[in-house]
Amino acid sequence: MNWPFPPDETPDHVVEHETATWGPLAEAARELVDLCVMSDVDPEEVAAATADVEAAVARLRKVRRTQTLGQEHLPAGRRRPWGNPVIGLRNPIAPPLQVHSVPEGRSESDFHCGPAYEGPPGLVHGGVVALILDQVLGHAVGAKGRPGMTGTLTIVYRQGTPLGDLRVEAWVEREDGIKTWAKAQVIGPDGVTAEAEGVFILPRAIREQLA
Ligand SMILES: CCCCCCCCCCCCCCCC(=O)SCCNC(=O)CCNC(=O)[C@H](O)C(C)(C)COP(=O)(O)OP(=O)(O)OC[C@H]1O[C@@H](n2cnc3c(N)ncnc32)[C@H](O)[C@@H]1OP(=O)(O)O
């Protein structure tokens, strides 16, 4: 499944080096994002921090990639979803989730959603809940060897999802040709907060390549 991009054949030692290089930057940026919404220092400190961040941005801006991380690393060979907004090592937007999957088509993750993901007061934004559910559903179908694009995603929000420590579980329900149905739920301290059902479809372009 390498259409339309070439396989990622980066050697292990290079991946380890890149992990050690970029991982800490994203970790620092995650804390920066958290502090953008939670810090309460005085205005002089904010101004000084802004100058520091602008200096760091000027360094990183010197060289920009021509392809996204997904285009380069995801489609085949070693998969490095480093730019992914839910699990990406290099993406500060990602909480990030560590997702554990088994080939029977089940995936799960215990994760933390801090104040940067707030929607209603003290609660996780519903779009963020949907993002996480979609991602982990994708892991479940992928683990079962049934990868696909989300065709339809249905979400029922049972109760507000509190910011903090959470759990998500997903499992494959049914398969039929190119389509796979999977379900998922987010669990908070007071039980299930949101449930999802997704229909995942192997896209036509990939079907034609495999035919
Ligand atoms: C595979 C990727 C490789 C890359 C490997 C990277 C792995 C990295 C893992 C990361 C995990 C991320 C997890 C998050 C997952 C997203 O975020 S995916 C992004 C959000 N989704 C999208 O952007 C999808 C956009 N839509 C599409 O691309 C196309 O409409 C679809 C859904 C692929 C279907 O297109 P198509 O293959 O041309 O479909 P088509 O031949 O018309 O119909 C085939 C069948 O599907 C049904 N169908 C068509 N559309 C739909 C629909 N929307 N809903 C339900 N059924 C539908 C048709 O009725 C038909 O059924 P039958 O008549 O055969 O019974």
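Modeller: Before we start, a word on terms: helices (H or I, at least four residues) and strands (E, at least two) are DSSP runs, and they are numbered from the N terminus. This is a predicted model, in which local features need pLDDT of at least 70 and side-chain atom pairs count only at pLDDT 80 or more, while totals for chains, interfaces and linings use all residues. Residues are numbered from 1 along each chain as its sequence is written.

Colleague: Which domains does the assignment give?

Modeller: It gives domain 1 (1-96) and domain 2 (104-210), with bounds that come from an automatic or database domain assignment. The C-alpha centres of the two domains lie 23 Å apart, and the contact takes 10 residues from domain 1 and 12 residues from domain 2.

Colleague: What classes of residue are on the side of domain 1 that touches domain 2?

Modeller: That side of domain 1 has 9 nonpolar residues, no polar ones and 1 charged residue. Here Ala, Val, Leu, Ile, Met, Phe, Trp, Tyr, Cys and Pro count as nonpolar, Asp, Glu, Lys and Arg as charged, and the others, Gly among them, as polar.

Colleague: Switching to the ligand, how many residues surround it, and which are the closest?

Modeller: There are 20 residues around the ligand, and the closest are G138, G151, T152, P203 and R204. A residue is near a molecule or strand if its C-beta atom, placed from the backbone, lies within 6 Å of it. By class, the shell divides into 10 nonpolar, 7 polar and 3 charged residues.

Colleague: Where does that shell come from?

Modeller: At least two residues are supplied by each of α4 (126-143), β3 (149-157), β6 (191-201) and α5 (204-210), and the shell draws at least three residues from each of domain 1 and domain 2.

Colleague: You mentioned β3 and β6, so how many bridges join them?

Modeller: β3 and β6 run antiparallel and are joined by 8 bridges; two strands pair if DSSP finds at least two bridges between them. Within this pairing, V156 has E195 in β6 as its bridge partner. Strand β5 (residues 179-188) also pairs with β6 in the antiparallel sense, over 10 bridges, and one of the partners is I201 in β6, which faces K179. A hairpin through 2 residues joins β5 to β6.

Colleague: And which strand stands with β1?

Modeller: β1 pairs with strand β2 (residues 106-113) in the antiparallel sense over 3 bridges, with V102 opposite R106 in β2. The two form a hairpin with 3 residues between them, and G105 in the turn has a positive phi of about 95°. β2 in turn pairs with strand β4 (residues 164-176), also antiparallel, over 8 bridges, and there R106 stands opposite W171.

Colleague: Which peptide bond is cis?

Modeller: The bond from P95 to P96 is cis, with omega near -15°, and P96 is in the loop between α3 (69-73) and β1 (100-102).

Colleague: Last one: where does UniProt place the "domain: Thioesterase" feature?

Modeller: The UniProt record, an unreviewed entry, places it at residues 122-174. UniProt positions are given in the numbering used here, feature names are shortened, and annotations may be inferred rather than shown by experiment. In the model, the end C-alpha atoms of residues 122-174 lie 36 Å apart, and the span is 34% helix and 38% strand.

Key: Two residues are in contact if their C-beta atoms, placed from the backbone, lie within 7 Å.
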